[in-house]
Amino acid sequence: MFKNTKAFSGFSVDDIAKAKQFYGETLGLDVSEDEEGMLILHIAGDRDTLVYSKPNHTPASCTLLNFPVDDIEAAVDELAARGVTFERYDGADERGIHRGQGGPPIAWFKDPAGNFLSVLVTD
């Protein structure tokens with residue numbers, strides 16, 4: 001039934017204007033707005049992601065978007081220079097990068113609505 005359907009993801013935020021600024025300016029994604037005021041994140045790989053306002057928004061407790069990068073140190077440094085704060089969990093280095101714990105090097109951060117995002121190295 002869904003074999004030829006182009007699925008897409010979506011998630012909520014509590015402030016569309018802050019989300020538009022963060023995803024467009026801070027992260028540098030192509031962002032458009034539809035006629036109903038929802039954001040569309042145009043992400044490489046032709047997989048748009050819908051971002052919508054929800055008055056009783058509760059941040060996701062899992063990672064909503066993972067951004068693969070070739071050089072995690074450079075990505076973390078650039079995002080930090082743009083004002084992004086990385087989560088500091090046990091086992092992370094001073095930048096917030098987690099390594100060698102059964103997964104790829106990864107660093108988590110949050111959008112203004114508290115949703116989790118990451119940069120990670122993939123092979």
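Trainee: How many bridges join E5 to strand E7?

Mentor: Keep in mind that this is a predicted model. E5 and E7 (residues 116-121) run parallel. The number of bridges joining E5 to E7 is six.

Trainee: Which strands stand at the edges?

Mentor: Three strands form an open sheet with mixed pairing, in the order E5-E7-E6. Two of them have a single partner strand each, so one side of each is left without a neighbour in the sheet. Those edge strands are E5 (63-69) and E6 (106-110).

Trainee: What angle does the direction of helix H2 make with that of E7?

Mentor: Helix H2 covers residues 72-81 and packs on the sheet. H2 touches E5, E6 and E7. Its direction and that of E7 make an angle of about 145 degrees.

Trainee: Why do the buried residues of H2 lie on the same side?

Mentor: The buried residues are Ile72, Ala75, Val76 and Leu79. What covers them includes helix H1 (16-26), E5, E6 and E7. They lie on the same side of H2 because the arc they cover around the axis is only 95 degrees.

Trainee: Which residue caps the N-terminal end of H2?

Mentor: Look at the backbone nitrogen of glutamate 73. A side-chain oxygen lies 3.2 Å from that nitrogen. The oxygen belongs to the capping residue, aspartate 71.

Trainee: Which glycine follows H2?

Mentor: Check the phi values after the helix. The residue has a positive phi, near 100 degrees. It is glycine 83.

Notes. Residues are numbered from 1 along each chain as its sequence is written. This is a predicted model: local features need pLDDT of at least 70, side-chain atom pairs count only at pLDDT 80 or more; totals for chains, interfaces and linings use all residues. Side-chain values use heavy atoms; hydrogens and water are left out. Two strands pair if DSSP finds at least two bridges between them. Helices (H or I, at least four residues) and strands (E, at least two) are DSSP runs, numbered from the N terminus. Contact means heavy atoms within 4.5 Å. Axes are lines fitted to C-alpha atoms, for helices over the stretch in contact, and angles run from 0 to 180 degrees between N-to-C directions. Buried means under 20% relative accessible area, exposed over 50%, partly exposed in between (1.4 Å probe, protein chains only). The arc is that of the directions from the helix axis to the C-beta atoms. A polar contact is a pair of N or O atoms within 3.5 Å; within protein, one must be able to donate a hydrogen and the other to accept it, and residues adjacent in sequence count only if both atoms are side-chain atoms.
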